[in-house]
Every structure is written in C-alpha cells, then in structure tokens.
Amino acid sequence: MCIDATGSMGHLIEEVKSAALTFHDKLQTKCSAKQKKIGQLRVKVIIFRDYWADPQEMAMIESEFFDLETQGSDFENFVRKIKESGGGDEPENGLEALALALQSLCILSMNIAFILTELCLLKALYNKALRATCRPRNT
C-alpha cells in the first residue's frame, strides 16, 4: 500500500488514511459476498514524498508487513501517524514507491500493490510511462 504524504495531499490525507484503515473490512465483505475466504492478509505501507525536495529519511518510509488479523492495531497506529509534508513541484516518487512495493512481494501467494495519491500524479505517472514505451527507436 503506497501512500502519497506530500504537502499537496493535505486536503486528502485523512480520507486516504481512512481508506487504508477500512481496506481489510471492505475486502472481507466483498469476498464473503462471493463465498471466498481470505486465509491471511499481510500489508506493508510505503509512505512516499519527493527525493528532490525532502530529506532522504522522509522521502520513502516503509513499514514492516502487518498481518491484519493479529497486528491490526499496529497497522492502525502506523497509518494514523502519517502526516502530510514536503514535496516539490515535480511529480512525487510514486513509481519508486510502487517499485519498492513490488520488490517486497512474495512469489508464493497472491499479491496486490496499489498507490493512494492525487489524480494529477497518476496522470503524470501514466504520461511518463506512455512516453517511455512509445518513444521511437533509432534505426
């Protein structure tokens, strides 16, 4: 779970934290409706800001993996402490956070990585990826 905690998230950060904290219950409800059971759900939180504008120790903060059945209160405490700050004018480190999340995944189980950020960052990330993949080759 990658969370944008830059200053521009000030108007959204409480909503993002609420979405993170209710994720487990909502997922269980959806799975129950389809007669599916979650055996174990582990979540890692990666808080990202901006490597160019913020101190290195604040640019990318990652938690341990939390087993939401047994460590739900630890997960909640970690998420509730997230405060928005910093960031620059360039798109934040969403791709780097997502890469860090993907490196943490276990190949022996089902994995989901997602990013919680403002829409303009997602558009910038999409356009950056699109330019990288659609760039003409030199022949």
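This is a predicted model: local features need pLDDT of at least 70, side-chain atom pairs count only at pLDDT 80 or more; totals for chains, interfaces and linings use all residues.

Reader: Which residues of the largest nonpolar core touch the most other members?

Author: In soluble globular proteins, nonpolar side chains tend to be buried together. Here the largest nonpolar core has 16 residues, and I3, V43, V45, F75 and I82 touch the most other members. At least two residues of this core come from each of α1 (13-33), β2 and α3 (72-80). Another core, of seven residues, lies apart from it; C2, I46, M60 and A97 are among them.

Reader: At what angle do the axes of α1 and α3 cross?

Author: The axes of α1 and α3 cross at roughly 170° and come within 10 Å. Angles over 145 degrees count as roughly antiparallel, and therefore α1 is roughly antiparallel to α3. In this pairing, K17, A20 and L21 of α1 meet F75, E76, V79 and R80 of α3. By class, the contact holds four nonpolar, three charged and no polar residues.

Reader: Helix α3 also contains G72. How far apart are G72 and V43 in sequence and in space?

Author: G72 and V43 are separated by 29 residues in sequence and by 9.8 Å in space, C-alpha to C-alpha.

Reader: Let us turn to a charged residue. Is K44 buried or exposed?

Author: Buried means under 20% relative accessible area. K44 has a relative accessible area of 15%, so it is buried. K44 is placed in strand β2, residues 42-48. The side chain of K44 makes a polar contact with the side chain of E62, at 2.7 Å. Not counting residues up to four places away in sequence, K44 touches M1, E62, S63, E64, F65 and S104.

Reader: How is the backbone angle phi to be read, and what is the phi of Q35?

Author: Most residues other than glycine have a negative phi. Q35 has a positive phi of about 55°, although Q35 is not a glycine.

Reader: Where is Q35 found, and is Q35 buried or exposed?

Author: Q35 is found in the loop between α1 and β2. Its relative accessibility is 69%, and Q35 therefore counts as exposed.

Key
Residues are numbered from 1 along each chain as its sequence is written. Side-chain values use heavy atoms; hydrogens and water are left out. Helices (H or I, at least four residues) and strands (E, at least two) are DSSP runs, numbered from the N terminus. Buried means under 20% relative accessible area, exposed over 50%, partly exposed in between (1.4 Å probe, protein chains only). A polar contact is a pair of N or O atoms within 3.5 Å; within protein, one must be able to donate a hydrogen and the other to accept it, and residues adjacent in sequence count only if both atoms are side-chain atoms. Contact means heavy atoms within 4.5 Å. A nonpolar core is a set of buried Ala, Val, Leu, Ile, Met, Phe, Trp, Tyr and Cys residues joined through side-chain atoms within 4.5 Å. Axes are lines fitted to C-alpha atoms, for helices over the stretch in contact, and angles run from 0 to 180 degrees between N-to-C directions. Angles under 35 degrees count as roughly parallel, over 145 as roughly antiparallel, 65 to 115 as roughly perpendicular and the rest as oblique. Ala, Val, Leu, Ile, Met, Phe, Trp, Tyr, Cys and Pro count as nonpolar, Asp, Glu, Lys and Arg as charged, and the others, Gly among them, as polar.
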